[in-house]
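Please look at the structure below with its aromatic rings in mind.

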Amino acid sequence: MTGRPGRAVRSGGQAGAGDLLELVRSGRAVTRGALQQVTGLSRATVGQRLDRLFRAGWLREGAGGPVGSPLGGRPSITLEFDGSHAVVLAADLDTRHARAAVLSLTGEILAEHSGTLVVEDGPEAVLGELGRWFAELLEKAGRPAEVCGIGLAVPGPVDSETGRVVQPPIMPGWDGYDITGRLSRACTEHTGAPPVPVLVDNDANLMAYGEQRAGHPDCGAFVLVKVSTGIGAGVVVDGSIYRGIDGGAGDIGHIRVGADALCRCGSYGCLAAVASGGAVARRLAESGVPAASGSDVRDLLAAGHPQAAALAREAGRLVGDVLATVVTLLNPGVLMIAGDLAGTPFLTGVRELLYQRALPRSTAHLDVVTSRLGERAALIGAGALVVEHLYAPERAEERLLALGV
């Protein structure tokens, strides 16, 4: 996992094994000598705390580093996070489709599956099916008993403290449902593995998290806009997801734009009602072009369908008008467009209105780009979220104690 911010680490003899692991994982100190220097711990104490991490299988020795003294001598042995000791499960739910994967702790996808899964069928059925997918993927990856956590991306606002979706416009039957408990049980039922932590977040948030870490690690203010069935944005500031007070940050699809179209949230004039993939599909269908969803629009755009391209560009202009305000407010370094409509016609429309309406100062150092990770972005972001949660210093200390090391 790259592009991770360094957390504050205790010094003056207070740094524990979890703090040392954090320093190694972030690249801030990767030798015993550097760990002593950063933490103020003695050589013996550093050795004792590293020994716990070695016994847990979390650290390993890498190649020797450069010789530190001009007089020569033995090179320092570097320390590395051993991402092979466990795996993470991740899934990304869309309205009618889902993708699931087994990932290494360093973000490599070891096994992957995608297929039809309809969120309107309800959480009990959908999460149960995900449990079955996970079992098959673990067998395929050859890692049936090494899961340390599960990450799930959903197309709705999430209270990150509870892992429950909050009044999701396009997830009927999911409001307030215990997603973490049900998915944990489903995984155990199908794999036989013990329960593990489950983290749930909005899909645009996790896409932004994955994309920022993979391709823009030095960008301190990163915005991703997903335009598919609905429209949502993920914001990463200083390496962390910005969620707002209760998970509602980034829900730009429900900003009013003055149109009279009825949105799935029950209000009129929302951006998603006129500029989402679903809205474009509806307009195409009304004119006799077979299209029922954002994915259908994506296929038409890939085939060069002129009417689909014209409507996508028009939708991009509407979104670009809203994004002018977003860019003025957040002043990001990167604005990434992702989802079913993230092609040239839509991006052209976004740029037209964005640069016309936003202040030049807000766009002077702004890169407007499309997705690098594509359909895997939310999976990689979900996996990264789980790893950062489980190996944060305090949680790492708790887990080491539970392991008896």
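## A buried ring

Phe81 has a relative accessibility of 13% and therefore counts as buried, where buried means under 20% relative accessible area, exposed over 50% and partly exposed in between, with a 1.4 Å probe and protein chains only. The model is a predicted one, in which local features need pLDDT of at least 70 and side-chain atom pairs count only at pLDDT 80 or more, while totals for chains, interfaces and linings use all residues. Residues are numbered from 1 along each chain as its sequence is written, and side-chain values use heavy atoms, with hydrogens and water left out.

## Aromatic pairs

Rings of Phe, Tyr and Trp (its six-membered ring) pair if their centres lie within 6.5 Å, and planes under 30 degrees apart count as stacked, over 60 as edge-to-face and the rest as tilted. By this rule there are two aromatic pairs.

Trp58 and Tyr391 are both buried. Phe81 and Tyr391 also form an edge-to-face pair, at 5.2 Å centre to centre and with 75° between the planes. Together, Trp58, Phe81 and Tyr391 make up one aromatic cluster.

## Charges over rings

A charge sits over a ring if NZ of Lys or CZ of Arg is within 6 Å of the ring centre and within 35 degrees of the ring normal. Arg25 lies over the face of Phe81, 5.1 Å from the ring centre, and the charged end of Arg213 is placed over the ring of Tyr209, at 5.0 Å from its centre.
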